[in-house]
Amino acid sequence: MQSCCSFTEWARLRPCLVGEAGLMKFIIECPSGLITLHEFQKHFCNGTGGSESAEYAEQIFRTLDNNEDGVVDFREYVMAISMLVEGSAVEKLRWSFKLYDKDRDGAITQEEMLEIMQAVNKMGVAADLTKPNPLTAEECTNRIFLRLDKDNNAVISLEEFIEGALDDDWMREMLECDPNTVRVERPPGKDPALGTHG
């Protein structure tokens with residue numbers, strides 16, 4: 001059974017990708033100012049569970065690659081990291097939405113969310129980050145969909161994603177990519193959306 005980790009685990013796992021040290025590492029290791037998916041996975045996965053982080057690293061890379069040219073340039077990297085560190089909650093949630101919206105159609109399906117949750121889980125388990133008795137990736141995805149899909153059309157729109165995350169601390173922590181968020185825990189008490197203890 002796979003446990004559910006907070007979406008923000010990558011920032012805790014790879015602090016060398018964030019801040020001045022991360023920027024210097026990018027410049028030193030990618031003097032051309034460009035990083036490919038393979039190079040990004042190599043640097044991201046080193047120390048974060050190895051190959052278990054590769055899927056998640058690919059999704060982060062895809063989200064960083066704004067112009068979809070197959071490389072992340074220094075400008076794209078700095079803009080994203082700067083926004084993740086200093087941006088507003090809404091800006092961080094917009095970026096997170098792009099990460100979950102794998103096919104970039106403007107909506108997140110349950111399958112897309114589950115894929116990301118499972119990739120985060122693999123990385124968290126490999127790095128020994130999960131806490132005892134966490135929700136499974138499937139339970140986490142179901143809970144998020146029950147709470148966010150307000151119009152019950154089986155997809156989460158950007159508006160639903162942002163509004164729902166801003167209205168619920170647990171949801172926001174699970175969905176917002178914030179390097180300052182480091183807790184991974186199961187929400188206490190009964191969850192009315194699932195009818196179970198959360």
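Helix 5 passes helix 6 in a left-handed crossing. The model is predicted, and the protein chain in it holds 10 helices and six strands. Helix 6, residues 89–100, also packs against helix 9, residues 158–166, and the axis of helix 4 comes within 9 Å of that of helix 6. The points below take these pairings in turn, then single residues and the chain as a whole.

**Helix 5 with helix 6**

- Helix 5 covers residues 74–86, and its axis lies 8 Å from that of helix 6, at an angle of about 130°.
- That angle makes helix 5 oblique to helix 6, because angles over 145 degrees would be needed for roughly antiparallel.
- On the side of helix 5 the contact is made by Ala80, Met83, Leu84 and Val85, and on the side of helix 6 by Glu91, Lys92 and Trp95.
- By type, the residues of this contact are five nonpolar, no polar and two charged.

**Helix 4 with helix 6**

- Helix 4 is formed by residues 54–64, and its axis crosses that of helix 6 at roughly 120°.
- The two helices are therefore oblique to each other.
- The crossing of helix 4 past helix 6 is right-handed.
- Tyr56, Gln59, Ile60, Arg62, Thr63 and Leu64 of helix 4 meet Trp95, Lys98 and Leu99 of helix 6.
- Five nonpolar, two polar and two charged residues make up this contact.
- Trp95 takes part in the contact with helix 5 and also in the contact with helix 4.

**Helix 6 with helix 9**

- The axes of helix 6 and helix 9 are 10 Å apart, and the packing angle is about 130°.
- Helix 6 is thus oblique to helix 9.
- Helix 6 and helix 9 have a right-handed crossing.
- Helix 6 contributes Ala89, Val90, Leu93, Arg94, Ser96, Phe97 and Tyr100 to the contact, while helix 9 contributes Leu158, Phe161, Ile162, Ala165 and Leu166.
- The residues of this contact divide into 10 nonpolar, one polar and one charged.

- The 12 residues of helix 6 should span 16 Å at 1.5 Å a residue, and the end C-alpha atoms are 16 Å apart, which agrees.
- The buried residues of helix 6 are Ala89, Lys92, Leu93, Trp95, Ser96, Phe97, Leu99 and Tyr100.
- An α-helix has 3.6 residues a turn, so residues three or four places apart point the same way.
- In helix 9, the buried residues are Glu160, Phe161, Ile162, Gly164 and Ala165.
- The cover over the buried residues of helix 9 includes helix 6, strand 3 (107–109), helix 8 (137–148), strand 4 (155–157) and helix 10 (169–175).

**Alanine 89**

- Alanine 89 lies in helix 6.
- Its relative accessible area is 19%, and alanine 89 counts as buried because the limit is under 20%.
- Leaving aside residues up to four places away in sequence, alanine 89 touches Leu166, Arg172 and Glu176.
- The C-alpha atoms of alanine 89 and isoleucine 162 are separated by 8.8 Å, although the two residues are 73 residues apart along the chain.

**Leucine 37**

- Leucine 37 is in helix 3, which covers residues 37–45.
- With a relative accessible area of 24%, leucine 37 is partly exposed.
- Not counting residues up to four places away in sequence, leucine 37 touches Glu58, Phe61 and Gly70.
- Leucine 37 and phenylalanine 61 are 24 residues apart along the chain, and their C-alpha atoms are separated by 6.5 Å.

**Threonine 141**

- Threonine 141 is placed in helix 8.
- The relative accessibility of threonine 141 is 1%, and the residue counts as buried.
- Apart from residues up to four places away in sequence, threonine 141 touches Gln110, Met113, Leu114 and Met117.

**The chain as a whole**

- The protein chain has 198 residues, of which 49% count as buried.
- Among contacts in the protein chain with a separation of 6 or more, 68% are between residues 24 or more positions apart.

Key. Residues are numbered from 1 along each chain as its sequence is written. This is a predicted model: local features need pLDDT of at least 70, side-chain atom pairs count only at pLDDT 80 or more; totals for chains, interfaces and linings use all residues. Side-chain values use heavy atoms; hydrogens and water are left out. Axes are lines fitted to C-alpha atoms, for helices over the stretch in contact, and angles run from 0 to 180 degrees between N-to-C directions. Helices (H or I, at least four residues) and strands (E, at least two) are DSSP runs, numbered from the N terminus. Angles under 35 degrees count as roughly parallel, over 145 as roughly antiparallel, 65 to 115 as roughly perpendicular and the rest as oblique. A crossing is left-handed if the near helix is turned anticlockwise from the far one by less than a right angle, and right-handed if clockwise. Contact means heavy atoms within 4.5 Å. Ala, Val, Leu, Ile, Met, Phe, Trp, Tyr, Cys and Pro count as nonpolar, Asp, Glu, Lys and Arg as charged, and the others, Gly among them, as polar. Buried means under 20% relative accessible area, exposed over 50%, partly exposed in between (1.4 Å probe, protein chains only). The expected span of a helix is 1.5 Å times one less than its number of residues.
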